[in-house]
Amino acid sequence: MKATIIQKAATYVLEHGLADESIRTIAQGIGTSHRMINYHFGGSEGFWEALINEIRRIELEKSRKYFASQQALPSHGISRAWAYFSTPEYQKIFRIIFEIYLKVLRAPGEHEAFVRSFVDEWLSLLAASFAQHYQLSADEAMPYARLRLACIRGLMLDLLLTRQAEGIAQAAQLFDQMLSSQLTRR
C-alpha cells in the first residue's frame with residue numbers, strides 16, 4: 001500500500017506540480033486521505049522524503065536508459081543531451097526538481113538525501129566520466145562536472161521560463177564547443 005501511494009503521488013506531482021505543497025491536496029488528487037499518508041509515512045517529513053526519493057528514482061531510471069544509448073564524450077554532453085532534457089516529458093521532471101530546490105532552500109539541513117541524490121550523485125557520475133575520457137584526477141574533473149551540471153540546469157530553467165528552445169539549443173552547442181576546446185588544450 002505504501003509503495004502504491006508514493007508511486008501515485010509521484011505521478012500526480014509530476015503531472016500537476018507541488019501546488020500548494022499540501023499533503024491534503026496530493027492525497028485528494030490520488031484518492032486517499034491525509035491520515036492514510038501520515039499513517040504509512042509517519043508524518044509529513046517521511047512522506048516528502050519518500051516522494052523526493054521516488055521522483056529521483058524515476059528521473060534516474062529515465063536518464064540512465066537514455067545516456068546508456070549515447071556514446072558522446074562528456075564535453076559534448078550538453079548539446080546531445082539537450083534533445084532529451086528539453087522534451088515536454090522531461091520538462092515536467094525539471095519543474096518538480098526546481099520546486100523541490102525551493103523546498104530545500106526554505107529548510108536547509110532537513111533534506112540532506114535530496115542534496116546527495118540530486119547534486120552529489122550527478123557530480124560524481126559526471127566527474128568520473130570526465131576523469132576517464134580526459135585522463136584527469138578526481139579533483140581536476142570535479143569543476144568540469146559542476147560546470148556541466150550547472151549549465152544544463154540553468155539552460156532548463158531558462159527554457160521553462162522563456163520557451164526559447166532554439167536559442168537555448170544554440171547556447172548548449174556553444175557550451176560544448178568551449179568546454180571541448182578547453183579540455184583538448186590541456
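Q: Why is the pair K92 and E15 called a salt bridge?
A: A salt bridge is a side-chain nitrogen of Lys or Arg within 4 Å of a carboxyl oxygen of Asp or Glu. The closest N and O atoms of K92 and E15 are 3.0 Å apart, so the pair meets this limit of 4 Å. The model is a predicted one, in which local features need pLDDT of at least 70 and side-chain atom pairs count only at pLDDT 80 or more, while totals for chains, interfaces and linings use all residues. Residues are numbered from 1 along each chain as its sequence is written, and side-chain values use heavy atoms, with hydrogens and water left out.

Q: Which parts of the chain does the pair of K92 and E15 link?
A: K92 belongs to helix α6 (residues 88-106) and E15 to helix α1 (residues 2-16), and the two are 77 residues apart. Helices (H or I, at least four residues) and strands (E, at least two) are DSSP runs, numbered from the N terminus.

Q: What makes K92 partly exposed?
A: Buried means under 20% relative accessible area, exposed over 50%, and partly exposed in between (1.4 Å probe, protein chains only). K92 has a relative accessible area of 29%, and therefore falls in the middle class.

Q: How many salt bridges are there by this rule?
A: The count comes to 2. Besides K92 with E15, the side chains of E54 and R57 meet at 2.7 Å, N to O.

Q: Why are E54 and R57 said to be separated by about one helical turn?
A: Both lie in helix α4 (residues 44-68), and they are separated by about one turn because they are 3 residues apart.

Q: Are E54 and R57 buried, partly exposed or exposed?
A: E54 has a relative accessible area of 10%, so E54 is buried. R57, at 38%, is partly exposed.

Q: What makes P88 count as exposed?
A: P88, in helix α6, has 63% relative accessibility and therefore counts as exposed.

Q: How do you know that α8 is roughly antiparallel to α9?
A: Helix α8 and helix α9 (residues 165-184) pack at an angle of about 170°, with their axes 10 Å apart. Axes are lines fitted to C-alpha atoms, for helices over the stretch in contact, and angles run from 0 to 180 degrees between N-to-C directions. Angles under 35 degrees count as roughly parallel, over 145 as roughly antiparallel, 65 to 115 as roughly perpendicular and the rest as oblique. The angle thus makes α8 roughly antiparallel to α9.

Q: Which residues of α8 and α9 make the contact?
A: Contact means heavy atoms within 4.5 Å. Among them are Y144, L147 and C151 of α8, and I168, F175 and L179 of α9.

Q: What is the largest nonpolar core?
A: A nonpolar core is a set of buried Ala, Val, Leu, Ile, Met, Phe, Trp, Tyr and Cys residues joined through side-chain atoms within 4.5 Å. The largest has 60 residues, and F47, L51, W82, F85 and F130 have the most contacts inside it. Helix α8 (residues 138-162) gives the most to this core, with 10 residues.
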